[in-house]
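Please consult it alongside the sequence and the model.

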Amino acid sequence: MSCAICGGSESGTLFDIPYLRPFRVDRCSTCGVAVTVPALDVKEISRYYPSTYYGKGGRKFIRLIESLVHLSRLRRAQRIQRYAPQGRILDVGCGGRTYFLESLHDLGWEVYGNELTDFPEFKELEGRGFRFQIRDFLACEYPEKTFDAVVFWHVLEHLPRTVEAVRKARGMLRTGGMLVLALPNRSSLQALWAGPHWFHLDIPRHYYHFTLETMKDLLIRQGFEIFYVSHFSFEQDLFAWIQSIYNKMGIRHNLLYNLLRNRHARIYAMSPALILQSLIVLSLLPAVGLASVILFFVDIVRRRGGSMEIYARKTAHGPNP
Ligand SMILES: [Zn+2]
């Protein structure tokens, strides 16, 4: 099979996923992108997005965490505002939690969302001028050069056809318009250390696992100019360290993450054995938390956090052949 990102024909296995067989992660020998194998088709992957994945009313976590999420969405909108002051913006895979869209709206943006699921929250927002298309992103119908900004916030890695998605986003952007990508960084310290136990691997929902270099190459080939990269994320990376450490210790995969989700959004039910493991997780939290804070600051200094944000502009010249 040739690589869907670069067309290269050789690959090798990086690691198997011991807690979710038969999945494994391969790496393209030409461009370096890592790939989830087997890749599931649309019907098969939908089993991995049950209603509990989104929670109720788009809210996934216990109240305290959800307040922090709210704050982080406001900061996300403000960061975007820094590089593109206003205009028309599309959030691809916007989800049912609408804090980010509302923050953009409050900052003066004309806001468009795209989702596969028609969340009830969208109805009320449509009354306030928000616009949604409920379908696969590649099937969306927006005229050429509609947007001043297109955002994929931890979404691009969930799409099976990356190159087509980037190309489509480019077509929708006006020349000079901004593409914003936030995604896990496979060459981060936490990814390399944790291997198959890395929190951000999210098998099988993530089809591809990019490094900054693989994503930069792809964007440049597709007619973008990268003007800013953030190498870490407060909202993502600290927790990813904590959870990856527990995962690698042999505790049930993503148990703390499951505990922090509200009762409508649990990934799996809590058995007596898991309650015992939960007590171990909580008793080790001061030590694991401290280690994670230290590692998080090492990431900041080394500019290699678990996730990256890439801000790019559409150039006047088209994609390279
Ligand atoms: Zn490749």
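Four donors count as tetrahedral if all angles lie between 85 and 135 degrees; four count as square planar and six as octahedral if opposite donors are over 155 degrees apart and all others between 65 and 115, and anything else is irregular. The model is predicted, so local features need pLDDT of at least 70 and side-chain atom pairs count only at pLDDT 80 or more, while totals for chains, interfaces and linings use all residues. Residues are numbered from 1 along each chain as its sequence is written, and side-chain values use heavy atoms, with hydrogens and water left out.

**Zinc site**

- The SG atoms of C3, C6, C28 and C31 coordinate the zinc ion at 2.3 Å; donors are N, O and S atoms within 2.8 Å of the metal (3.2 Å for Na, K and Ca), and sites may look incomplete because water is not among the atoms.
- The arrangement is tetrahedral because the four donor atoms subtend angles of 105 to 112 degrees around the zinc ion.
- Along the chain, the donors of the zinc ion have the spacing C-x2-C-x21-C-x2-C.
- C3, in the segment before β1 (11-16), and C31, in the loop between β2 (24-28) and β3 (34-37), link distant parts of the chain, 28 residues apart; helices (H or I, at least four residues) and strands (E, at least two) are DSSP runs numbered from the N terminus.
- C3 counts as buried at 13% relative accessibility, whereas C31 is partly exposed at 22%; buried means under 20% relative accessible area, exposed over 50%, and partly exposed in between (1.4 Å probe, protein chains only).

**Strand β2**

- D26 lies in strand β2 and is buried, with a relative accessible area of 8%.

**Backbone geometry**

- Most residues other than glycine have a negative phi, and most peptide bonds are trans.
- The peptide bond from V37 to P38 is cis, with omega near -5 degrees, and P38 lies in the loop between β3 and α1 (42-45).
- The peptide bond from I203 to P204 is also cis, with omega near 0 degrees; P204 is in the loop between α7 (189-194) and β9 (208-209).
- H154, which is not a glycine, has a positive phi of about 50 degrees; H154 sits in the loop between β7 (147-153) and α6 (162-172) and counts as buried at 17% relative accessibility.
- R303, likewise not a glycine, has a positive phi of about 55 degrees; R303 sits in the loop between α11 (272-302) and β11 (307-314) and counts as exposed at 52% relative accessibility.
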